[in-house]
Each structure stands twice: as C-alpha cells, then as structure tokens.
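Please keep the sequence and the model side by side while reading.

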Amino acid sequence: MSVPLSPHDALPLTEQLFYLSRRLRTAPRSVEDLAVATGQSPETTQAQLEVLQTLEPTLQVLPGTPPLYVITGDWTAAERLTLRRGLGALAERGAEPTAPLRELAARLSAPLPAHVQAALPPLAAPAQQPLHLAEVLPLVTQAWLDGRGLRFDYLRPGRAHSRRRVTLQPVLVHAHPVTLEPLLTGRETTGRRAQRTFRLGRMLGVTVLEAAPASAPVPAPPTLQGPGLTAQLRFVGRARLQVLEGRFAHLSEPLIHPDGSVEVTLQAPAGSRSVLPWLLSWGAGVQVLGPAPLREQWQTELRAALAAAEAVPTADAGAA
C-alpha cells in the first residue's frame with residue numbers, strides 16, 4: 001500500500017517514520033502499541049509501517065496474534081560488553097592482529113556510558129604476535145569472500161627456513177580450537193587438489209590471484225562439517241581457577257561441584273588433532289571424562305610420559 005504525499009505532509013510523515021523507527025529499535029511492538037504512542041489511528045500507523053518496510057531492510061514482522069514489528073541490527077549494551085570481552089580474549093592469545101581489534105573495541109565501546117568505558121581494561125598487546133599477520137589476514141579473507149585463489153610461501157614446521165610454494169582455493173577461514181590462532185583451510189589447485197590447513201602466521205608473500213572467481217562457492221570439506229568432538233572435562237586444583245576466570249572461549253559454562261572441581265565440555269571441529277596435546281599440557285589439572293576413545297588416548301599418553309619420567313637417564317654413547 002502506498003501513501004500519497006503532498007509537499008505539506010512530507011515533513012510530518014518523515015518525522016513519524018523516524019519516530020516509528022526509533023521505537024521499533026528498542027523492542028518488538030504491535031500496530032496498536034505504535035498507534036497509541038503516536039496518537040494516530042491503527043490504519044494510518046499500518047500504512048506508515050508499510051512505507052517504513054521499504055526504507056528499513058532489517059524491519060521484521062514477528063508471527064503471532066497480534067503480529068509484532070521490530071528493527072534489528074543494533075547491539076544492546078549487554079551484547080556490546082560480551083563482544084568487547086571476546087575481543088580482549090583474542091588479544092591476550094595473540095590470535096588476531098592488534099590494530100583491527102583495537103578499532104573494533106573502540107567502536108563497540110563508543111555507545112556505552114563513560115563510567116563503563118573508563119572501567120574496561122585496554123586490549124593486551126602480545127609480544128609474540130606475528131608481525132606480518134595484520135597484512136596476511138585481509139588478503140586471505142578477501143580471497144575467500146571473492147572466491148579467488150591464493151599463492152604464498154609456507155614455512156614448513158620443524159624445518160628451519162624451509163619453504164613450500166602453495167597455490168590454494170580458500171574454503172574456510174577459521175580459528176584453532178584451542179589457541180584461537182587464525183587458520184586457512186583450502187584445496188591446493190596443483191597436484192591432487194588435496195585439502196590442507198595452513199597457519200596464517202607461517203604464510204609469506206601472500207598474493208590474491210587475478211583469475212576470475214569461481215562460479216559457485218567451494219563447499220566446505222566433509223571433515224569441517226558435522227557435530228565434531230564433544231569432550232567432557234573436569235578441572236581441579238589451580239587449573240579450575242583459570243577455567244573459572246573465563247580465559248578459554250571454546251569451553252562451555254562451568255559447572256562447579258561440591259568438592260570445588262569444575263566440569264565443562266569442549267567443542268572441537270571434526271577431524272581436529274589439537275585437542276589431545278592441549279589436554280596433556282594441563283598435566284594433573286584435568287581429568288578426561290569422555291568420550292571413551294579420547295579418554296583412552298589421554299591415558300595412553302600419560303602412561304608413556306610417566307614411563308619416560310621414571311626411566312633412569314643413561315649417558316649418551318656418542319657424547320665426547
């Protein structure tokens with residue numbers, strides 16, 4: 001339905017649309033509620049809402065009796081604080097370039113009250129953050145969004161100064177499930193087109209290829225789909241305090257037992273190989289409750305470590 005506008009009525013209607021938009025950004029409201037707030041008839045309010053729908057792409061009509069109108073897109077204060085806390089966790093891990101994180105933190109904090117902004121701690125600046133990561137991440141995300149390929153030199157782990165030239169079709173930009181380090185998974189466009197995952201911190205000389213983008217998005221590989229691994233863990237001693245402080249974004253909300261231990265679940269993507277090394281790094285501070293295959297692997301590695309610790313060191317026969 002269209003509402004004809006004369007020059008005399010254009011400004012009042014504009015004011016009414018702005019008023020409706022402001023009301024709908026605060027909470028879902030019915031036509032009757034808006035009519036009472038504006039002092040207009042429900043028919044006039046309904047006509048103005050239909051005009052507003054052409055101007056506000058995020059205006060939604062929630063089903064119900066009566067239907068409710070709401071404009072989404074603005075963060076609430078609680079959502080801003082939650083996201084700001086998440087950015088702080090990323091900065092502590094050194095998982096993202098610091099400059100973009102600071103810019104996002106400033107934008108999230110700007111609408112908050114001054115006393116809240118003053119109390120928020122500044123983002124950490126890890127000393128071990130890769131210096132070139134701020135240059136690599138925008139290129140990687142650009143190639144992924146545009147459906148273009150990437151070419152880069154990759155520093156091979158465990159081989160000093162050994163590099164391998166890689167040409168890749170990005171499939172997914174994601175984070176390490178434990179360290180939150182940025183990762184890129186894709187298909188190599190040469191050879192067998194095998195699926196590979198690369199650490200952005202080891203990528204050098206990244207170039208976005210100028211070839212035309214793929215006609216359709218590259219589907220995610222099967223190992224990145226599905227429910228993945230859900231591990232049930234219990235933390236004790238000093239380890240439980242670190243979990244309660246909320247430093248690990250990949251852990252669920254902790255359940256505190258009467259004996260003081262903390263039980264959580266850990267979610268890892270399908271095919272992840274990083275969970276067991278992270279569990280072993282806690283030593284006696286963690287107990288793996290399930291699933292059974294992960295618990296068995298954890299126990300096997302602990303027994304092997306105990307055997308190596310109890311073995312009597314022997315002199316190196318090749319030593320001088």
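A salt bridge is taken here to be a side-chain nitrogen of Lys or Arg within 4 Å of a carboxyl oxygen of Asp or Glu. By that criterion, a search of the whole structure, which is a predicted model, finds 5 salt bridges.

One of them brings together the side chains of Glu56 and Arg25, with 2.7 Å from N to O. This pair links distant parts of the chain, since Glu56 belongs to the loop between helix 3 (42-55) and strand 1, while Arg25 belongs to the loop between helix 1 (7-24) and helix 2 (31-38), 31 residues apart. Glu56 counts as buried because its relative accessibility is 15%, whereas Arg25, at 36%, is partly exposed.

Another salt bridge is formed by the side chains of Glu188 and Arg164, at 3.2 Å from N to O. Here too distant parts of the chain are linked, with Glu188 in strand 5 and Arg164 in strand 4, 24 residues apart. Glu188 has a relative accessibility of 8% and therefore counts as buried, while Arg164, with 25%, counts as partly exposed.

Arg234 and Glu263 also form a salt bridge, their closest N and O atoms being 3.4 Å apart. Arg234 lies in strand 8 (residues 229-235) and Glu263 in strand 10 (residues 262-268), so that this pair, 29 residues apart, links distant parts of the chain. Arg234 is partly exposed, with a relative accessible area of 22%, and Glu263 is buried, with 15%. Salt bridges that share partners also join Arg164, Glu188 and Arg196 into one network.

Strand 5 (residues 182-188) runs antiparallel to strand 6 and is joined to strand 6 by 5 bridges, and Leu184 stands opposite Phe198 in strand 6.

Within strand 4 (residues 163-175) lies Gln169, which counts as buried because its relative accessibility is 16%. A polar atom of the Gln169 side chain lies 3.1 Å from the backbone oxygen of Gly147.

Finally, Leu62 lies in strand 1 (residues 59-62) and, at 29% relative accessibility, counts as partly exposed. Leaving aside neighbours within four places in sequence, Leu62 is in contact with Pro28, Pro67, Leu68 and Val70. Leu62 and Pro28 are 34 residues apart in sequence, and their C-alpha atoms are 8.1 Å apart in space.

How values were computed. Residues numbered from 1 in each chain as written. Predicted model: local features only at pLDDT ≥ 70, side-chain atom pairs only at ≥ 80, totals over all residues. Heavy atoms only, no water. Helix = DSSP H or I, 4+ residues; strand = E, 2+ residues; numbered from the N terminus. Buried < 20%, exposed > 50% of the residue type's maximum accessible area, 1.4 Å probe, protein only. Polar contact = N/O pair within 3.5 Å; in protein donor to acceptor, adjacent residues only side chain to side chain. Contact = heavy atoms within 4.5 Å. Pairing = 2+ DSSP bridges.
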